[in-house]
Number of protein chains: 2
Amino acid sequence: MSSAEEIAKAAKSAFDSQLGVASAERVNALHYIREALESKKTEILAANREDLKAAQVEVDAGRMTDSLLKRLDLDKGDKWDSMLQGVSDVANLPDPTGIVSYAKELDDGLELYRVSCPIGVLLVIFEARPEVVVNIAALAIKSGNSAILKGGKESNRTTQLLSHAIATGLSQSSLPDTYVQTIQTRAEVSSLLSLDQYIDLVIPRGSNALVQNIQNNTRIPVMGHADGLCSVYLDESADIEKAVRVVLDSKTDYPSACNSAETLIVHESLLQTVWPVVGRALLDAKVRLLCDPPTLSALQGLSPSPANLSLAGPSAPDAYTTEHLDLTLSVIALPSLPEAIRFINAHSSHHTDSIVTESEPDASAFCRGVDSAGTFVNASTRFADGFRYGFGTEVGISTGRIHARGPVGLEGLVIYKYMLRSVGTKGHVVGDFGAGGKKYKHANIATTTVPF
Amino acid sequence: MSSAEEIAKAAKSAFDSQLGVASAERVNALHYIREALESKKTEILAANREDLKAAQVEVDAGRMTDSLLKRLDLDKGDKWDSMLQGVSDVANLPDPTGIVSYAKELDDGLELYRVSCPIGVLLVIFEARPEVVVNIAALAIKSGNSAILKGGKESNRTTQLLSHAIATGLSQSSLPDTYVQTIQTRAEVSSLLSLDQYIDLVIPRGSNALVQNIQNNTRIPVMGHADGLCSVYLDESADIEKAVRVVLDSKTDYPSACNSAETLIVHESLLQTVWPVVGRALLDAKVRLLCDPPTLSALQGLSPSPANLSLAGPSAPDAYTTEHLDLTLSVIALPSLPEAIRFINAHSSHHTDSIVTESEPDASAFCRGVDSAGTFVNASTRFADGFRYGFGTEVGISTGRIHARGPVGLEGLVIYKYMLRSVGTKGHVVGDFGAGGKKYKHANIATTTVPF
């Protein structure tokens, strides 16, 4: 067993040693990994059954939830096959590196290119589902980053064999087999969090508590996800059908997802028009409604009385800062769009917020005024997702405001470097510029790739 | 005097309240600030003389360096005028916000736009030069961020009046006058570093120790600058004239700058050819050379003996990880390009490194293999600079690998959000997609601006 520092050093050295490797080689490595996983299927699933057996003991003893146990199972439905398909899918995505986003001729024969490149060494910490090891390994390899992975201890037997298959695949490619490593203990994580000379980015995928704990214990940048406290605002001009559809989908399509709505804001003018229809639909769908006095009394005053009216009750003040993650929705009436924007900026987690409106100026003001990663018009908050956005796959959803925000695709795993080439006969020096000397040209170069 | 928390809260609320403000209003604010500064010139320069007087006492008592005192002086040369011109220059730069970098039609009538927007509240900490208050205020306002600024205590009298003029200018505009605030004490900085609910990014501009101290004491992201340990590598095919010009400019143009070279790597095959010419030129320029045995004995074996040969001596092992910041250069001979790349990745600070070569494959391998923010070919490391890169102005140089890397222009002060608009008649919901339902289109939309 290597020490945490040896693991981190090996990861950095694996990263450095493959910087010149062509992107086709990464694709090859992913195919080898898929093959290695296929050939080890029997052993891996046997180890997974051992993990499940041990987990069942924990569940029986009341120390583990049943839903956690279910997430461990790698042989359920098409999970195994879709894990393998995921490796091929990532292999087939466009290469996120080598893309020029800024190119200028600084002087005759002096060309500057800003070109996307990997970040370096990623430390990824996640819980439960063992297939995440394979997902993240694929994303790291595709984007040219090396990775150290730590899964949940419940899946240690499975992840150890998955990692072994990954290393086997890597060893058949021209990438070092230490390019993706896994660790097993929290103590190793703690040690790694102090090694900012080797590790460039920490990606925690799990609970809010996990993310905050990591942020508090490292000076390495953290790309994480805090709360998902999303809201829908029904504007003065909201269309009734759109309101019902968007609110219902935002709340009920998958209530435990971070992009589900937790708060509904109703323009006061809708209390006797749109709100009763939306409220009835929510109660029909068995959504518990935590209402402020105006929205509650509007519901209670309806005739005939809505089905399941007992699910509607008064809201406590903390309702509007609570991530329910179930069929519960906090509801409040506000007098204007600016008030709604202020309320959202003060209460939401800056994840995704949606307006239902027929007014283009209001849509525009909402999208600019609400300070969230996603600002939507007449669309469900549930669209906030890397696959739906067209990224092919998702690294996670970032509620940070640095580097990557919202659903993060492969682009979130790259940064850029500046390449500067002098093609003159004398080389280029700064001393030739300035008072009495040459002037910078800063002429655009039209290219998306580096020409050398 | 407000508490740190009140200041942070006011900054966040100032940020939120101006989210819908048109970019022309920011430009107006910058013009008002310039006018306010001009109208207060006499008082500001009087306060600056007070600061200088107090600093002189410190210098006389040996508690402050003369160079620090010089940096305080706002009335030296054209400093005042160029500070004012800087405000107008920033006002005239292109707006970094509102730019669409990704646009897709997810479904008929469902349009996704990724659009650049400000980060939020910046906490900027810098040392000595009081005009930085004005520079940073201008950059923050132009990019739509609100800012809390902390200057060096030596310039408190000056920065207080500069801040007052900034607030006066802001109050004439439609931006809140708390949009840019200044603080005076380290205790306030300490308190602010814990307020990650209000502050989104810390930008320390100063010593390496300042940056590291801040990184260790906050979970707010930090965009900073560590060492500038740059190197030049003379490749097997290096042209002699280019080698001399690039090495001399990289070392001597401005030795105390972070983008000056500290290490020279010489391909072994050049020890009797290119290196003696470069070595003589460096000694002529009075550069102290800390050499490994092969490069030292090559110099000592020359006939006639080079001028100032006594400036060349043996290197201690830590020479290659030392940022000299003066006319000193560490020199080492290595047998190959791959060895040089490995050496640079292990020793440099990943700031900027340059190869002198006539080989395009070697140039290409160097630029890809060296893991630095700048990888240059036949060009001085001194080109690593925001103005030279064409950004108009510079927020700083980042040696981090997240968000922004290398010289940072206004683009480094923005992130993006996703705006999603349904233009259909029913609103868009996720429940309509998936098994048996609709498929995502992900068709490109050709635009650089949001159409609503």
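Is A:Arg342 exposed or buried? At 53% relative accessibility, A:Arg342 counts as exposed, where exposed means over 50% relative accessible area, buried under 20%, and partly exposed in between (1.4 Å probe, protein chains only). The structure is a predicted model, in which local features need pLDDT of at least 70 and side-chain atom pairs count only at pLDDT 80 or more, while totals for chains, interfaces and linings use all residues. Residues are numbered from 1 along each chain as its sequence is written, chains are lettered from A and ligands numbered from 1 in the order in which they are written, and side-chain values use heavy atoms, with hydrogens and water left out.

Chain A is superposed on chain B by a rotation of 180° with 0.0 Å of shift along the axis, at an RMSD of 0.0 Å. The two copies are thus related as by a two-fold rotation axis. For this comparison, copies are superposed by least squares on the C-alpha atoms of residues with pLDDT of at least 70 in both. The same surface serves both copies, since 100% of the contact residues of chain A recur in chain B; contact means heavy atoms within 4.5 Å. Within chain A, the residue that comes closest to the rotation axis is A:His403, with its C-alpha at 1.9 Å.

Over all chains, 48 salt bridges are found, a salt bridge being a side-chain nitrogen of Lys or Arg within 4 Å of a carboxyl oxygen of Asp or Glu. A:Arg342 forms one with A:Glu339, and the closest N and O atoms are 3.1 Å apart. Both residues lie in helix 13 (residues 337-347) of chain A, three residues apart, about one turn of the helix. Helices (H or I, at least four residues) and strands (E, at least two) are DSSP runs, numbered from the N terminus. A:Glu339 is partly exposed, at 31% relative accessibility.

In helix 4 (residues 66-72) of chain A, A:Asp66 and A:Lys70 are four residues apart and so separated by about one helical turn. Their salt bridge has its closest N and O atoms 3.3 Å apart. A:Asp66 is partly exposed at 40%, and A:Lys70 is partly exposed at 45%. In chain B, a salt bridge joins B:Lys153 and B:Glu154, with 3.9 Å between the closest N and O atoms. B:Lys153 is exposed, at 59% relative accessibility. A network of salt bridges links A:Lys12, A:Asp200, B:Asp371, B:Arg401 and B:Arg405.

A:Asp51, in helix 3 (residues 41-60) of chain A, is buried, with a relative accessible area of 1%. Not counting residues up to four places away in sequence, A:Asp51 touches several residues, among them A:Leu72, A:Glu154 and A:Thr158. The side chains of A:Asp51 and A:Thr158 make a polar contact of 2.5 Å. A polar contact is a pair of N or O atoms within 3.5 Å; within protein, one must be able to donate a hydrogen and the other to accept it, and residues adjacent in sequence count only if both atoms are side-chain atoms.

Chain B contains an open sheet of four strands in the order 5-4-3-6, with parallel pairing. Strand 5 (180-183) and strand 6 (201-205) are the edge strands, each pairing on one side only; two strands pair if DSSP finds at least two bridges between them. The twist averages 20° from one strand to the next. Strand 4 (residues 146-150) and strand 5 of chain B pair over four bridges, and B:Ile148 stands opposite B:Gln181 in strand 5. Helix 1 (residues 4-17) of chain B lies across strand 3 (121-126), strand 4 and strand 5, running at about 150° to strand 4. Axes are lines fitted to C-alpha atoms, for helices over the stretch in contact, and angles run from 0 to 180 degrees between N-to-C directions.
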